[in-house]
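I begin with the surface, then turn to charged pairs and a pocket.

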Amino acid sequence: MKVLVSVLDWGLGHASRTSEIVSREIAAGNEVILAGSGRSLELISSDHPQLRAIKLKSFSPWFTRHLPQWVAITLQVPKIVYYTYKENRDTQKIVEREGIERIISDNRYGVRSNKCESILITHQTTPTTASWAPQTFNNIFARCLSLWINKFDEVWIPDIAPYPNGLAGELSNCKNITARTKTIGILSRMNLTERHAEGTHIDRLAIISGPEPQRSILEEDITKIFEGTTGNNVIVRGIVSDKQSKTKKNGIEYIDHCDAQQLRDLIDNADDIYCRSGYSTIMDLWALNKRASLRATNGQAEQEYLEKRMEKYGFKKF
């Protein structure tokens, strides 16, 4: 079976978790073709260099240091709608040209086709908006999004259990979803790695992720925290580059990017971990039975919700 796998290019989380799906499809004997753009495509291609990749441009949002993310996204809704329909037209061409029999799309609502089985991966079937927004506004937003979600044949929800007992909580409430839904367990690049013998002990490890400028803002804040401490401190910057760059400054080791095994080795040997409350990062930590100090991106309602929800599972806020 020919399978097209595409991921959203909003940070590296979507590519990170979808890498395991690609491995499953390959193990099942399917021919996998990757489709995407930017850092996400670079990451998933680095995990599976033997696979062919097709450029399928997605909407790239802009963010600033001065506006909450929900405000920035709201201002860009018309552009998001345009790009969703554009990527759907481009997807139809790929399906016909390549003879695609199945599509697996991680949060790209336009990457689907009526000519083959189309599967959406998302943990946000009922996404939350701004934390202060009235429930009526959230309900309207969720219903609008469900119009896109329900065009897929099936929705795969990466979680430890169906709503309401999973990690995603209210985010995975499927009350407006008519497409078939399935909880598929934790998706993590860490599931593709092995536990090595104990390596270099790390007192504090920071895993930086997310789109700019939020990625740089978190790196600056973490650096300030680590500079006031002793011990072995490491910051994984979440920057994909041709060469893995390592530098050391003021007692902190900076690593631009790690492959899955290298990241697991760092996490396994770290006492304290600092990171965003992004869902893919949480799944990576859950897969390794590790807990962390979380910080939501300011104004990103999903991360703010997860930051608070994960307290019940032993995570904490910093």
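Is V81 buried or partly exposed, and what is its relative accessible area? I looked it up in the model, which is predicted. V81 has a relative accessible area of 30%. Buried would need a value under 20% and exposed one over 50%, so V81 counts as partly exposed.

**Entry 1: surface patch.** I placed V81 in helix α4, which covers residues 77-98. I then found V81 in a nonpolar surface patch with V77 and Y85. Together the three have about 230 Å² of accessible area.

**Entry 2: salt bridges.** I noted the idea first: side chains of opposite charge can pair when their charged atoms come close. My search of the whole structure gave 21 salt bridges. I looked up several of them.

R52 pairs with E98, with 2.7 Å between the closest N and O atoms. R52 is in strand β3 (residues 52-55) and E98 is in helix α4, so this pair ties together parts that lie 46 residues apart in sequence. I checked the accessibility of both partners. R52 is partly exposed at 42% relative accessible area, whereas E98 is buried at 12%.

R102 and E117 form another salt bridge, at 2.9 Å from N to O. Here the link runs between two strands, β4 (residues 102-106) with R102 and β5 (residues 117-121) with E117, so parts 15 residues apart in sequence are tied together. R102 is buried, with a relative accessible area of 16%. E117 comes out as partly exposed, at 26%.

I also looked up a pair inside one helix. D268 and R264 meet in a salt bridge of 3.0 Å, N to O. Both residues belong to helix α7 and sit 4 residues apart, about one turn of the helix. Both D268 and R264 are buried.

Entry 3: How much space lies in the second largest pocket? I wrote down about 270 Å³. The pocket is lined by 16 residues, and those closest to its centre are T200, I202, K246, D265 and L266. Two elements give two or more residues to this lining, β11 (252-255) and α7 (260-268). The largest share, 3 residues, is from α7. I sorted the lining by class and got 6 nonpolar, 7 polar and 3 charged residues.

How values were computed: Residues are numbered from 1 along each chain as its sequence is written. This is a predicted model: local features need pLDDT of at least 70, side-chain atom pairs count only at pLDDT 80 or more; totals for chains, interfaces and linings use all residues. Side-chain values use heavy atoms; hydrogens and water are left out. On a 1 Å grid over the protein atoms alone, a cavity is a set of points where a 1.4 Å probe fits but cannot get out, and a pocket is an open set with protein on both sides within 12 Å along at least five of seven lines; lining residues have an atom within 4 Å of a point. Grid points are joined across faces, edges and corners, and a volume is the space filled by probe spheres set on the points. Ala, Val, Leu, Ile, Met, Phe, Trp, Tyr, Cys and Pro count as nonpolar, Asp, Glu, Lys and Arg as charged, and the others, Gly among them, as polar. Patches are made of residues with over 30% relative accessible area and no salt bridge: like charges are joined within 9 Å, nonpolar side chains (Val, Leu, Ile, Met, Phe, Trp, Tyr) within 5 Å. Accessible areas come from the Shrake-Rupley method with a 1.4 Å probe; for residues, only the protein chains shown count as cover. A salt bridge is a side-chain nitrogen of Lys or Arg within 4 Å of a carboxyl oxygen of Asp or Glu. Buried means under 20% relative accessible area, exposed over 50%, partly exposed in between (1.4 Å probe, protein chains only).
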